[in-house]
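Here is a friendly briefing on one protein model and the ligand that goes with it.

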Amino acid sequence: MDTPLVELKSVSKYFGSVIALKDVSFDVRPGEVHCLLGDNGAGKSTLIKVLSGVHSPDEGEILVGGAHTRFNSPKDTLDKGIATVYQDLALVPLMSVARNFFLGREPLKKTWGLRQFDVDYANRTAYQQLSDMGIQLRNPEQPVGTLSGGERQCLAIARAIHFGAKVLILDEPTSALGVHQASVVLKLIVQSKARGIGVIFISHNVHHAYVVGDRFTLLKRGRSAGTYQKNEISRDQLLNLMAGGKELVDLEQEIIKLNNGKR
Amino acid sequence: MSLEVKDERVRAVPLLGRLLSRPELGAIAGTVLIFVFFGITAGDSGLFSAKGIVNFLEVSAQLGILAAAVALLMIAGEFDLSIGSMIGFAGIIIAIPPIMWDWPVWASVLMAFASCAFVGYLNGLIVVHTGLPSFIVTLGSLFMLRGLTLGVTRGITGRTQASGLHEYSTGDWITPFFAGQVFRAPIGWLAELGVIGKRADGLPAISGIPVSIVWWIGLTLFFTWLLMRTRFGNWIFASGGEANAARNMGVPVARTKITLFIMTALAAALFATVQVLVTGSADTLRGNLKEFEAIIAVVIGGTLLTGGYGSAIGAMFGALIFGVVQMGIFYTGIDTDWFKLFMGAMMVVAVLFNSYVRARAMRSR
Ligand SMILES: Nc1ncnc2c1ncn2[C@@H]1O[C@H](COP(=O)(O)OP(=O)(O)O)[C@@H](O)[C@H]1O
Ligand SMILES: [Mg+2]
């Protein structure tokens, strides 16, 4: 097996008296989609923030490519090849697709001794990169505000890949999207995987996760409730685990009892 | 912009639709309307004689110098209300040292630019680090600078004005760069040809183009290049459009904004230098309301009050409209009291038009 691109070992994170994460281990390998599932408040976002350098863990270790590491800042993490596609997407709606694509990393060219923003290169490259990933733009100069939710998500992912991300962290990328839009994003996740990128995919939606996922980790109240290979678990089992299987079974029993009582 | 991308989903957008997605369109259309209007009502009043044109261009140029810098700051999502009193402040710094202590004029001009840059830096620093709206922070500086200028000037000279600077500035090497005229030879030649009228004493009606007009156009072109063709320009749009997203992508939003506050302050210093060296006097009350006139010109020029969208070229046309209307009202003999009513109304119309254009731009799919 490959060494994980990034690995958390027995990580804990506390916010005052709140135990946000306790003893959680998690990793992702090249060319793998590892889904992180869990209820609201389970600690998914906290785990992601530890992985992206926003929070430093109170206990446990972080390894990048097998070596012990500390993330000093989100920028530092990005430089190590771990890119988080934020839920707010880090896009500026009034600016063009190309200008957003290169935001903060504008390509320069030298004309008459002046270092200029190479607009033509930016337009060409943004258009090309997006179309390579199956997103046909009408015009790289159209404002991002005119794109659909799915297209925006794809733009943010394509941008991370273009700038050399080895690990992609996607926090609920499909949750706000319609069926068609979500499938466009899922397709892009599969493509990223094919390029050897390790994808960490956070989702509420087991259907979306099961389609693209290779491994599944369940978080419950800040603790890991197990990691499963795809061949070890069926979608229904996963659904049951997710939905708090026992609670649903109990509920079912009660309804049956109630109905019997009526008769 | 020369990129040709063919895609079956590209609809041939009609020319008008494409133009409507440029921020400066409204101001250009407005300029045409204003010219037609005064062409009809003031056609033979001398507004469009060589002298009249230079007159309104000079008014536009001075405001336009401010507006160009203010446009960039507003695109970055901030306001600078302090530039009005900054003009009075810089003017006094330029005038008093030569008159009172025999400083060379170039030294006092340098001093004015440096002082304004410092105040601009402070404005920016406070806005960026407190997170307070720049509207409030610079409103504070507006009052503080005016008070400081008044207090210090009265303390030193016993008055609130300083005049007689011409005596010191005429021979200074720096004067032609701010108060001189350019293109004197071609203007003289045009006068020979009869294109430019002559005065009663036989001299051409104008002897050259005031250098402030060159500053205005030069600054506008430079700022347009900065916005459209540099990394810094991309940061300006992003800082005003969605500061958080910009920060997440590693854009130095704070540094970008502070730099722009320094630029508006320097524009105020340039305005003051031109004004003081042309008139030979300074007054603590100079520049009153210029901060709002500049905002009006910028907004007429298509820049959004909320930031993230706009242009320096638009601000140039906004300032041109301002100058033409001001001088046009004067030349047609309409009571100049009506000027402010007109400009205020013009701005409201421009804001309505801008929000329409933006809404249109955002649904251009
Ligand atoms: N910055 C914080 N300060 C205090 N408590 C926090 C903070 N971030 C998260 N928490 C708490 O940690 C727990 C896990 O939250 P989170 O990671 O956001 O869950 P999820 O993303 O799975 O819904 C929650 O109880 C939440 O209230
Ligand atoms: Mg969350």
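Strand 4 (residues 59–64) of chain A runs antiparallel to strand 5 of chain A, and three bridges join the two. Strands here are DSSP runs of E with at least two residues, helices are runs of H or I with at least four residues, and both are numbered from the N terminus. Two strands count as paired if DSSP finds at least two bridges between them.

This is a predicted model, in which local features need pLDDT of at least 70 and side-chain atom pairs count only at pLDDT 80 or more, while totals for chains, interfaces and linings use all residues. Residues are numbered from 1 along each chain as its sequence is written, chains are lettered from A and ligands numbered from 1 in the order in which they are written, and side-chain values use heavy atoms, leaving out hydrogens and water.

**Strand pairs**
- A:V64 has A:A67, in strand 5 of chain A, as its bridge partner.
- A:V64, in strand 4 of chain A, is also the bridge partner of A:V6.
- Five bridges link strand 1 (residues 6–15) of chain A to strand 4 of chain A, again in the antiparallel sense.
- Strand 1 of chain A also pairs with strand 2 of chain A, antiparallel over seven bridges.
- In that pairing, A:Y14 stands opposite A:I19 of strand 2.
- The hairpin of strands 1 and 2 of chain A has two residues between the strands, and A:G16 there takes a positive phi near 60 degrees.

**The whole sheet**
- Put together, four strands of chain A form an open antiparallel sheet in the order 2-1-4-5.
- Strand 2 (18–28) and strand 5 (67–69) of chain A are the edge strands, each pairing on one side only.
- In general, strands of a sheet pair through backbone hydrogen bonds, either parallel or antiparallel.

**Around ligand 1**
- The residues surrounding ligand 1 (those with a heavy atom within 4 Å of it) include A:F15, A:A20, A:D39 and A:K44.
- Helix 1 (residues 44–51) of chain A gives the most to this shell, with three residues.
- Polar contacts are pairs of N or O atoms within 3.5 Å; within protein, one must be able to donate a hydrogen and the other to accept it, and residues adjacent in sequence count only if both atoms are side-chain atoms.
- A polar side-chain atom of A:T46 lies 2.5 Å from an oxygen atom of ligand 1.
- A polar backbone atom of A:G41 is 2.7 Å from an oxygen atom of ligand 1.
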